[in-house]
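Dear colleague,

I am handing over the structure below, and I would be grateful if you could look through it alongside the notes that follow.

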Amino acid sequence: MKLIYAIVNRDDKSIVSAELTKEGFFATKLASTGGFLKSGNTTFLICTEDDLVEKAIGIIAKFSKKRSQISPSSLTYGAMSIPYTGLPMEVTVGGATIFVTNIEKFEKY
Ligand code: 2BA
């Protein structure tokens, strides 16, 4: 079995979730925050059989759009906001960032 971590833009989370469920995948959605843009995204955890991994990734890829976003012009350390030395820059985010790991044991009680 494999565990798929898929980080998707929050605007795509509903369609990705609906399509995964429609195709019979079990998924958990976690609210997450990108370290660079510091804006919210969604991380899906999907545990599935090895031979279904590519199908799940195909669904995620199909419904996760690429977007241009502007990087922040300041960085925040604790309560302090430090001016960023560079100008805000445009970055391309997504469609989805995906990691796949092996699962040693899977049980449900
Ligand atoms: P963020 O960290 O907010 O990054 C958003 C976008 O900013 C990235 O899009 C990339 O285009 C750019 N970016 C990130 N770090 C950068 C850096 N050090 N220098 C220049 N540009 C940078 P994506 O690559 O599509 O990543 C989307 C989100 O996926 C990330 O949001 C983060 O939450 C996650 N992610 C991406 N790569 C990761 C990794 N290797 N490990 C863990 N999470 C990752």
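A residue is counted here as near a molecule if one of its heavy atoms lies within 4 Å of it. Please keep in mind throughout that this is a predicted model.

With that cut-off, the ligand is surrounded by Ile7, by the run Gly34, Gly35, Phe36 and Leu37, by Asn41, by Val91, Thr92, Val93 and Gly94, and finally by Thr97 and Phe99. Sorted by class, this shell holds 6 nonpolar and 6 polar residues, while no charged residues take part in it. Two strands, S7 (90–93) and S8 (96–102), each contribute at least two residues to the shell around the ligand, and the largest share, 3 residues, is supplied by S7.

A polar backbone atom of Gly94 is 2.6 Å from an oxygen atom of the ligand, a backbone N or O atom of Phe36 lies 2.9 Å from a ligand oxygen atom, and an N or O atom in the side chain of Asn41 is 3.1 Å from an oxygen atom of the ligand. The ligand on its own has 750 Å² of accessible area, of which the protein covers 53%.

Two points of backbone geometry deserve a look when you prepare the model. The peptide bond that leads from Gly94, which is also one of the residues around the ligand, to Gly95 is cis, with omega near -10 degrees, and Gly95 lies in the loop that runs between S7 and S8. Lys38, although it is not a glycine, has a positive phi of about 60 degrees, and this residue is found in the loop between strand S2 (28–33) and strand S3 (40–48).

Turning to the helices, H1 (residues 13–22) and H2 (residues 53–63) pack with their axes 9 Å apart and at an angle of about 150 degrees. Because angles over 145 degrees count as roughly antiparallel, H1 is roughly antiparallel to H2. The crossing of H1 and H2 is right-handed.

With best regards

Technical notes: Residues are numbered from 1 along each chain as its sequence is written. This is a predicted model: local features need pLDDT of at least 70, side-chain atom pairs count only at pLDDT 80 or more; totals for chains, interfaces and linings use all residues. Side-chain values use heavy atoms; hydrogens and water are left out. A polar contact is a pair of N or O atoms within 3.5 Å; within protein, one must be able to donate a hydrogen and the other to accept it, and residues adjacent in sequence count only if both atoms are side-chain atoms. Accessible areas come from the Shrake-Rupley method with a 1.4 Å probe; for residues, only the protein chains shown count as cover. Helices (H or I, at least four residues) and strands (E, at least two) are DSSP runs, numbered from the N terminus. Ala, Val, Leu, Ile, Met, Phe, Trp, Tyr, Cys and Pro count as nonpolar, Asp, Glu, Lys and Arg as charged, and the others, Gly among them, as polar. Axes are lines fitted to C-alpha atoms, for helices over the stretch in contact, and angles run from 0 to 180 degrees between N-to-C directions. Angles under 35 degrees count as roughly parallel, over 145 as roughly antiparallel, 65 to 115 as roughly perpendicular and the rest as oblique. A crossing is left-handed if the near helix is turned anticlockwise from the far one by less than a right angle, and right-handed if clockwise.
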